[in-house]
Amino acid sequence: MSKDALSATPTEAAGSNTVFARFDRVGKIFKLPGDRQIDALEDVSFTLGRGKLVGLLGPSGCGKTTFLRIVAGLETATYGTVTIEGKLVNGPHPNFAFVFQQANLMNWRTVLKNVLFPLEIRGEVTRASIERARDLLNLVGLHGFEDRYPSELSGGMQQRVALCRALVYDAKLLLMDEPFGALDELKRMEMHDLLLDIRLRTGVSVMFVTHSISEAIYLSDTVAVFSKRPATIARFIDIDFPYPRENAMRYEMKFTEYEHEAGRALGIAR
Ligand SMILES: Nc1ncnc2c1ncn2[C@@H]1O[C@H](COP(=O)(O)OP(=O)(O)OP(=O)(O)O)[C@@H](O)[C@H]1O
């Protein structure tokens, strides 16, 4: 995919060999009372490669969350299509996991029982799946907290529990809406490395919304910069840093250049 690719036609995601998801001229118009309407999305087209990580950046209120909700099947597009693994999305799918800005844990359930909840509603709690939940908690540094309650955890720890809950059932697609927005900078950086580690181990494809240019660059294979509303893709930026990524890269000249490029696409830098 070219860095300057515009969204009029579907465009390949960075370096991917297999297409996992295809978004073809996705548009959304919200009808409001009294013949009013909000044009939220217009002709958003690109593909997400299997196991790839795409960050969505854009001005506030441009339509990023709406796009993510359409991909998740939680909202219907006014026109255009979302195809995942060759199948049209027309409702929520059991293989898609969502992580929101707030952890949204159930305070009356222990950490382990929060993580197991998606399996419980599928009737899939087995000895092996409990083991997997414990392994995930271990991976995110929460070993020993399985029987604690959410109110006993910090915000960062709660967000890590939410991530485990999203990953416990082998989701193929992880959709995240500003998942680390409520965390302080250091915790956010920790979560970045954790997410990349999980992606490496599980091969999950990831799409996430962020307001942070540096977060988008640090995590993504490709950053998709949305225009002002109605949002369309203003620019794709392929991030040519190898994985695993290291914090030192945040201070490299090339990283600053990517920040400038994203800033220009957002209209906030020259
Ligand atoms: N259910 C709805 N009904 C009517 N308008 C809506 C609805 N959901 C979103 N909108 C409008 O669509 C536009 C895009 O909203 P959206 O939440 O997708 O933007 P966003 O880019 O995620 O915003 P932010 O970055 O501030 O979180 C906004 O003008 C919003 O008011």
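**The whole protein**

Start with everything shown: for 270 residues, a compact globule would have a radius of gyration near 18 Å, and the protein's 19 Å agrees with that. That radius is taken over C-alpha atoms, and the globule rule is 2.2 Å times the number of residues to the power 0.38. Keep in mind that this is a predicted model, in which local features need pLDDT of at least 70, side-chain atom pairs count only at pLDDT 80 or more, and totals for chains, interfaces and linings use all residues. For your selections, residues are numbered from 1 along each chain as its sequence is written.

Switch to the C-alpha trace, which spans about 50 × 50 × 40 Å along its principal axes. Colour by secondary structure for 7 helices and 10 strands; helices (H or I, at least four residues) and strands (E, at least two) are DSSP runs, numbered from the N terminus. Buried residues make up 41% of the 270. Here, buried means 20 or more other C-beta atoms within 10 Å of a residue's own, exposed means 12 or fewer, and partly exposed is in between, with C-beta atoms placed from the backbone. Of the contacts with a separation of 6 or more, 73% join residues 24 or more positions apart; a contact needs C-beta atoms, placed from the backbone, within 7 Å.

**The ligand shell**

Now select F30, I38, A40, G58, S60, G61, C62, G63, K64, T65, T66 and R229, the residues around the ligand. The elements giving two or more residues to this shell are β2 (36-49) and α1 (64-72). Near, for a residue and a molecule, means that its C-beta atom, placed from the backbone, lies within 6 Å. Which element gives the largest share of the shell? That is α1, with 3 residues.

Colour the shell by class to get 4 nonpolar, 6 polar and 2 charged residues. Ala, Val, Leu, Ile, Met, Phe, Trp, Tyr, Cys and Pro count as nonpolar, Asp, Glu, Lys and Arg as charged, and the others, Gly among them, as polar.

**A loop residue**

Next, pick A231, in the loop between β9 (222-226) and β10 (233-238). Is A231 buried or exposed? A231 is buried, because 28 other C-beta atoms lie within 10 Å. Leaving aside neighbours within four places in sequence, the contacts of A231 include A40, G58, C62, G63 and K64.

Show β2, β1, β4 and β5, which form an open antiparallel sheet of 4 strands in the order β2-β1-β4-β5. The edge strands, each pairing on one side only, are β2 and β5 (87-88). Zoom in on β1 (residues 19-32), which pairs with β2 in the antiparallel sense over 10 bridges; pairing requires at least two DSSP bridges. F23 stands opposite F46 in β2.

**Two helices**

Finally, select α4, residues 155-167: 10 of its 13 residues are buried, including V161, L163 and L167. Packed against the buried residues of α4 are β6 (96-99), α2 (111-122), α3 (127-139), β7 (173-177) and α5 (185-202).

Move on to α2, where V111, N114, V115, L116 and P118 are buried. Their cover includes α3 and α4. After α2 comes G123, with a positive phi near 65°.
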